[in-house]
Amino acid sequence: MKTLFLICCLFFVVSNALADREVYLSLDKTQEKIETLSVSATVIKRREIEESRVETLGELLANETSIFYGNYGPGIKSSFISLRGAASSSRVLVLIDGRRIYTLDSNSANLAAIPVSNIERVEIIRGAAATIYGTGAFGGVINVITKKADYKTPLLSGNFSYGSFNTYSTDITGSYKTNKFAILALISSLRSDGYRKNSEYVGYNAFFSGQGDIGDKSKFSIAGSYYTNKFGLPGVETDVIQPNLTAEDINVSKYAKIDYDLNISEDSSLKISGYASGDIYEDKEDRRADYYYKNISETYGLQSLFHFNDIFLLGIETWQDKYKNKKFLSGDFYDSSYNRTQDNYAAYAQLNYSLGKFNFVPGARGTHNSKFGSIFTPSLAVIYGVDDNIKLSGTTGKVWRAPTFIDLYYPGWSNPNLKPEKGISSDLGIEYSKTKTRLSVTGYYITTNDLIVSLKNVGKTKQYGVEFETSYIFSSKAQCKANYTYLEAKDITDKTDEKTLKYAPKHSINCTLTFKPIDKLNLSVIATYKDRYIGTKAGSYTGESVNMSSYITLDLNLSYELNDNFSFWVKVFNITDSKYQIVDGYPMPGVAVYGSVGVKLWK
């Protein structure tokens, strides 16, 4: 009955569809109306982020179309994401303000360590995006836009929440703005005892952004973040892994970015950006010896972007990746042989040309990597506006992913001769939107060659499926949004014995119903269904597969805005107390309740 309920929601309802018509995406690293983009683009706005009542980017994305969020449990560091069945999170590119974020050892972002308190909105671009952004965009791109002070920003705001497992969080934001410049600063913290033995967590975050005008034609902006956290490692609930695995992880992430924008003329503009980021990851205990290791990754980059008359885009960029692995024994230096650097240079161009009801977006990118040489990635998108309510779109492009630093250099477990994985990603979609209704259907097909399997370029994969998204506004007091994904993800290295890829459920459904029974009171019910899928067996060092059961969860959000200055909310996770695991050996908690009070002071 629960599954039937979810499917009915999917085909008959969901959220504020019309509001998205006013949103601009940065798919081409400039402002673009969503009407001229492909059907497979989605925006999560500030209001939706606030109403989600989650703490991290991974939790925010968990219920979006075609996304699988691999979660070991709340407050546990390890997490991963899959988009359109991409075989690993390193095949999904995550950006913050257009700057790629990832740990160089795994080439993937730690979504559990990106607090939503910094986020203004999130853009999800499913499909080929390597032309603009380069390596890693097999399944697509997730671009996080950070907060900036504007006329909607209060002078001072704060939130405090408390809930199950002695979990509490605090965030304080201050801003100041004039006609010429604006600044915003934020600090936050999150602590929890955890729901299992040795799953305690503590994290601190500081974020700053500022922007201002320089004369009449130019402006600057700066942003920076410092985030540190400590995670317990509870291990699996089996005897497969030794008990001394239950140590703690310490992670430090920091970055700084500065942008300069110049309006050369009414038809052209230039943007120059520079950034630096660093990540430190420590494992305080190794199960094989009395030592701990420290991973240090750093990235430095410059970007330049020229845009002409909303038609032509030309960009160049260069960045350097540095990675170090150090081992310590009884507090003394032990080994530092893992110390590598890669240099990257890229140039790309994209044309946005309209002809009648058609909009053509061809593009091409050339990337030179000091390890892999030169790689060329073309793409093409075609959007056709049938009328004011119906839009068709199709995209295709070449995608690629570089091997991780561990794949290439880790002592005793590496292959320095590995080549990048390469593939083709294509999709075709239709969207209908009118007044209170939105419905879109997208089919996609992705192929991969030179897949890295057991440190060899021998694998081939294919991923194909269909995505349904729908939304409906019943009235000012009731609305709903939902999505359904059908996915087939196969390893076709051996065509006589095709194997299903891991963490790729065939059916996924997400549904959110929102009600407003009285003024300023909002009630949301969030339902999720994941079909059975293949996972990795707990404690397996060889990646042995295990069958994971399907599951359904129901969450409840209740919020009340007393006035412009005070608000309250309560969230209940897993109100049906479902017993399920997303990753083998890591049971998810039962019912959990959290509450918060928020205060805003306006100028």
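Visitor: Are R46 and E120 buried or exposed?

Guide: This is a predicted model, in which local features need pLDDT of at least 70 and side-chain atom pairs count only at pLDDT 80 or more, whereas totals for chains, interfaces and linings use all residues. Residues are numbered from 1 along each chain as its sequence is written, and side-chain values use heavy atoms, with hydrogens and water left out. Buried denotes under 20% relative accessible area, exposed over 50%, and partly exposed the range in between (1.4 Å probe, protein chains only). By this criterion, R46 and E120 are both buried.

Visitor: How many residues apart in sequence are the parts that R46 and E120 tie together?

Guide: Helices (H or I, at least four residues) and strands (E, at least two) are DSSP runs numbered from the N terminus, and a salt bridge requires a side-chain nitrogen of Lys or Arg within 4 Å of a carboxyl oxygen of Asp or Glu. R46 and E120 meet this requirement, with an N to O distance of 2.5 Å. Because R46 belongs to helix α2 (residues 46-52) and E120 to strand β8 (residues 119-126), the pair ties together parts whose separation in sequence, in residues, is 74.

Visitor: In which strand does D427, the partner of R84, lie?

Guide: R84 and D427 form a salt bridge whose closest N and O atoms are 3.1 Å apart. R84 is in the loop between β5 and β6, so the pair ties together parts 343 residues apart in sequence, D427 being in strand β24 (residues 421-434).

Visitor: Which residues do salt bridges with shared partners join into one network?

Guide: The side chains of E467 and R126 form a salt bridge at 3.5 Å, N to O. This pair links strand β26 (residues 456-475), which holds E467, with strand β8, which holds R126, across 341 residues. Through shared partners, one network joins R84, R126, D427, E431, R438, E467 and E469.

Visitor: What type of pair do the rings of Y72 and Y586 form?

Guide: Rings of Phe, Tyr and Trp (its six-membered ring) pair if their centres lie within 6.5 Å, with planes under 30 degrees apart counted as stacked, over 60 as edge-to-face and the rest as tilted. By this rule there are 19 aromatic pairs. For Y72 and Y586 the centres are 4.8 Å apart and the planes stand at 80°, so the pair is edge-to-face.

Visitor: Which residues form the aromatic cluster?

Guide: Y72 and Y586 are both buried. They belong to one cluster, which consists of F68, Y72, F80, Y503, Y533 and Y586.

Visitor: Which residues does F181 touch, not counting those up to four places away in sequence?

Guide: F181 lies in strand β12 (residues 181-192), and its relative accessible area of 38% means that F181 is partly exposed. With contact taken as heavy atoms within 4.5 Å, F181 touches Y176, Q211 and G212.
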